[in-house]
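Me: I have a structure here that is new to me, and I'd like to go through it with you. Can you bring it up?

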Amino acid sequence: MIYPSNFEKKITFDAVRDMIKVFCLSSLGENQVAQMQFETSYHNICKLQEETEEFRQILLFESHFPAQDYYDLTSELQRLRREGTFIDVENLCDLRASLQTIYDCLCFFHTRKETGKYPRLTAISENLLFDNTLIGKISLIVDDKSNVKSSASEELQSIRKQIQHLELEISRSVKKILLQSKQNHLIDEAADITIRNGRFVLPVPAVNKRKIKGIVQDASSSGQTFFIEPQEIFELNNSLHNLSMDERREIIRILTQFTNYIRPSIDSILEAFTYLSSIDFIRAKAKFALHIHACKPIISNQTCLQWKKAVHPLLYLSYKDQNKPIVPLDIELGNKFKILIISGPNAGGKSVCLKTLALLQYMFQCGLLVSVSEISEFGIFEDIFIDIGDEQSIDNDLSTYSSHLKNMQVMIENAGGKSLFLIDELGGGTDPQYGAAIAESLLEFLSAKNACGLVTTHFGNLKLLSEKDANIENGAMLFDEKEMRPLYLLKTGQFGTSFTFEIAEKTGLNKDIIQKALQKVGKVQIRYEKLLQKLEQKQLELDKRQKMMEFTDTQLLELKQGYVAKNTELNQKRSEMIKQARHEAKMLIQNANSLIEKAIREIKESHADKDVIKERRKEVQQFAEKIETEEKNECPIPDQQPSELETEPLQLHDIVIIGDTNTAGEITSIDGDNITVSFNSINLRTTVDKVQKISHTQQKKLVKSTYKDIYSSLNLNNKAEDFKLQLDIRGMRANDAISTVKQYLDDAMLLSIHNVRILHGKGNGILRMVIREYLAKNKQVKAFYDERVELGGHGITVIELQRFSQ
């Protein structure tokens with residue numbers, strides 16, 4: 001159920017219909033736009049959404065889809081069902097052009113069937129039985145200039161030859177008479193032969209009309225010139241007229257014969273035009289989607305929604321024309337809670353939020369793509385009720401409040417678990433105290449029926465309902481108190497304030513009146529609302545900082561893990577080097593001992609012969625020189641530096657670091673093994689075995705290193721904020737594109753982002769080929785491949801980057 005009857009007008013969907021009609025190529029598509037209606041079937045909605053999304057992909061990445069000669073001949077074809085009727089030449093030419101367009105559309109999808117592209121649109125095309133021989137048969141009758149060909153029949157060819165011969169003969173006779181009349185000064189020198197009523201005539205001045213024998217066929221509007229058929233060619237003109245009638249009869253016979261031929265096939269031809277109207281309709285929806293930057297969202301078969309970056313399409317177009325930015329909305333309903341109560345200042349965006357929800361949900365269930373982020377989720381509702389605007393009527397004796405009550409009653413009687421209700425300024429139009437009570441009771445009733453809804457209000461009692469009912473949640477339209485302007489941001493989970501007095505002051509209302517009003521309300525209430533708004537602003541800032549801190553923590557964790565891995569690797573290499581050095585030293589000692597033992601043995605055997613002693617001493621000296629030479633040839637091992645971390649007993653005011661944090665602090669108290677360390681005005685209690693003493697020089701180095709790391713993290717934050725997961729290089733030259741992609745991949749590696757997309761388009765495939773050749777040679781690239789068909793296919797390359805250790 002869609003309520004009220006003027007629902008589409010209230011949410012401006014009628015304007016959306018009109019815009020889509022503009023994108024249609026014929027009245028065929030326009031008729032389908034007019035018949036477009038709200039769907040509740042999950043299967044039908046998925047089908048409509050996927051068809052439109054596939055055509056959006058065609059418009060983005062294909063360049064040769066047929067987009068002309070969409071003629072609506074359905075009425076003409078219905079007329080031709082009757083015996084004795086025939087198609088005229090103009091409609092016959094339009095029929096040929098339309099059939100050719102239908103055939104081209106079918107060929108387009110047939111050639112892409114094997115690749116699996118556009119499955120929904122291909123399925124529509126496969127169901128059509130189409131006789132393309134009709135195109136050839138029509139071409140035998142008419143030419144490209146919409147004239148019946150002489151070769152259409154032998155009789156027609158014979159008649160036209162006679163007409164041609166007779167026209168030549170008449171032309172000669174008339175030229176002869178014209179020349180003679182000019183010599184007799186009966187006709188102006190500039191005059192020439194013309195045709196009136198299908199007969200050759202001469203333009204004769206009124207004063208000379210009786211001097212030329214013949215029949216007056218026409219006269220100029222001024223009456224100064226008469227068009228006279230000379231008596232000499234009267235019979236020839238009669239013969240020409242008779243031949244022209246014969247030609248007309250033969251053409252009718254040919255057209256009648258063709259009409260009789262196609263009459264049994266009119267039903268199948270009408271089906272082909274139904275297919276053409278569907279293509280025109282889907283194409284128009286896709287063109288409109290591109291116009292408003294819409295996409296196909298995630299579709300759920302539940303009564304819920306979770307939207308990201310939703311914008312009102314008509315507001316977006318209006319702001320675009322004015323070069324004004326539009327603030328997108330994040331809206332959630334149906335999962336954690338069923339009813340969202342939005343409060344906030346006047347002109348703060350409450351009603352826009354409600355209308356955005358109404359229009360986008362209705363568009364979605366009519367099969368239109370919607371202006372949200374592609375990760376948004378849309379559910380399906382069977383009923384939508386809306387109460388917005390003033391429905392008071394003198395004719396029906398309805399006041400504003402009475403009309404609101406009438407709408408409430410419809411919701412009470414018909415709303416259920418699959419219903420969506422939208423109410424603007426709930427409880428307004430009557431005494432605030434009583435209106436607020438009725439509004440609260442209505443929401444409690446609808447919550448009990450498990451209906452989903454969004455309402456806007458200024459009533460304080462409605463803001464407190466979320467404390468009593470888990471199905472109800474508050475939402476606030478935020479306001480910048482310093483700039484005194486609305487932010488148009490929806491914050492779920494808190495209620496907003498109206499800023500009544502601040503807005504009144506900004507608009508220039510008398511200050512005395514504002515001050516008296518403040519006194520009547522009381523300072524406590526005003527102070528409470530101001531504190532609440534400051535709390536909201538603070539929360540926004542904290543959320544932003546929290547995200548930045550989480551990102552920085554992730555970067556620091558990765559850096560620390562990289563440091564630990566490298567430290568472990570260095571320790572392993574150090575152990576191996578020490579082991580190798582010990583082995584070499586052991587072998588050196590063994591060789592030296594062997595040499596000394598040999599020398600001693602030989603000296604003893606020679607009874608201390610001087611020559612033997614001298615020779616053995618020479619051998620030992622050569623061995624020593626050999627070792628020294630080998631040491632010089634090897635890479636010098638740097639001197640081991642004494643540990644920077646001192647091991648002296650800890651005292652007050654010593655500078656220490658805790659574990660491997662690389663953060664220096666000062667000891668402020670010592671109690672046995674327990675100590676207190678001050679870090680940037682933060683006191684931390686720990687034990688002696690968990691800290692290490694450092695010098696003041698080492699502390700300065702740590703501070704410089706810390707500032708360097710912080711500066712690096714800030715740069716990373718700036719890069720992360722500006723970085724996008726998709727790079728658009730369409731329209732670039734090959735060299736510029738490669739340079740841009742190289743820098744983009746370097747930034748992605750720096751930010752530890754491992755999956756990105758390059759949008760190069762399809763076109764001739766040159767950019768795609770050049771980029772892929774570069775990616776194949778880039779060691780940073782782990783893999784690359786085409787995006788999924790529904791997300792862009794081979795117009796987008798998805799890249800997976802290596803995960804290098806820090």
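Me: Which stretch has pLDDT under 50, and how many contacts does the model have for it beyond four places in sequence?
Reply: This is a predicted model, and over residues 635-646 its pLDDT stays under 50, with 10 contacts beyond four places in sequence. Residues 706-711 are also below 50, and that stretch has 1 contact in the model beyond near neighbours in sequence.

Me: And what is the mean pLDDT of the protein chain?
Reply: The mean for the protein chain is 83, and 84% of its residues reach 70 or more.

Me: OK, what does the chain come to in helices and strands?
Reply: The secondary structure comes to 23 helices and 24 strands. Of the 806 residues in the protein chain, 40% count as buried, and among contacts between residues at least 6 apart in sequence, 68% join residues at least 24 apart.

Me: Let's go to pockets. What volume does the largest one have?
Reply: The volume of the largest pocket is about 1,800 Å³. Its lining is made up of 43 residues, and those that lie nearest its centre are Arg56, Cys295, Glu374, Gln726 and Arg757.

Me: Which elements give two or more residues to that lining?
Reply: They are helix H4 (42-61), helix H7 (119-126), helix H11 (266-291), strand S6 (298-299) and strand S22 (755-759), and H4 gives the most, with 7 residues.

Me: How do the lining residues divide by class?
Reply: In the lining of the largest pocket, 24 residues are nonpolar, 6 are polar and 13 are charged.

Me: What about cavities, how many of 30 Å³ or more are there?
Reply: The count comes to 1 cavity of that size, and about 30 Å³ of space lies in the largest cavity. Among the residues that line the largest cavity are Asp387, Tyr401, His404, Met408 and Gly428. Helix H14 (residues 400-414) gives the largest share of this lining, with 3 residues, and by class the lining has 4 nonpolar, 3 polar and 3 charged residues.

Me: Now helix H13: what span should it have, and how far apart are its end C-alpha atoms?
Reply: H13 has 16 residues, 350-365, and at 1.5 Å a residue they should span 22 Å, which agrees with the 23 Å between its end C-alpha atoms.

Me: Why is H13 said to be largely enclosed by the rest of the structure?
Reply: Because 13 of its 16 residues are buried. H13 is followed by Gly367, whose phi is positive, near 90°.

Me: And H23, how far does that one reach?
Reply: Helix H23 (residues 766-777) has 12 residues and reaches 17 Å from its first C-alpha to its last, which is close to the 16 Å expected at 1.5 Å a residue.

Me: Which residues of H23 are buried, and what do they pack against?
Reply: Leu767, Val770, Ile771, Arg772, Tyr774 and Leu775 are the buried residues of H23, and they pack against helix H22 (734-750), strand S23 (781-786) and strand S24 (796-801).

Me: Last one: where is Thr303, and is it buried or exposed?
Reply: Thr303 sits in the loop between S6 and strand S7 (305-310). Its relative accessibility is 14%, so Thr303 counts as buried, the cut-off for buried being under 20%.

Me: What does Thr303 touch, not counting residues up to four places away in sequence?
Reply: Thr303 touches Gly334, Lys338, Ile380, Phe381, Gly417, Lys418 and Cys452.

Notes: Residues are numbered from 1 along each chain as its sequence is written. This is a predicted model: local features need pLDDT of at least 70, side-chain atom pairs count only at pLDDT 80 or more; totals for chains, interfaces and linings use all residues. Side-chain values use heavy atoms; hydrogens and water are left out. Helices (H or I, at least four residues) and strands (E, at least two) are DSSP runs, numbered from the N terminus. The expected span of a helix is 1.5 Å times one less than its number of residues. Buried means under 20% relative accessible area, exposed over 50%, partly exposed in between (1.4 Å probe, protein chains only). pLDDT is the predictor's confidence in each residue, from 0 to 100. Contact means heavy atoms within 4.5 Å. On a 1 Å grid over the protein atoms alone, a cavity is a set of points where a 1.4 Å probe fits but cannot get out, and a pocket is an open set with protein on both sides within 12 Å along at least five of seven lines; lining residues have an atom within 4 Å of a point. Grid points are joined across faces, edges and corners, and a volume is the space filled by probe spheres set on the points. Ala, Val, Leu, Ile, Met, Phe, Trp, Tyr, Cys and Pro count as nonpolar, Asp, Glu, Lys and Arg as charged, and the others, Gly among them, as polar.
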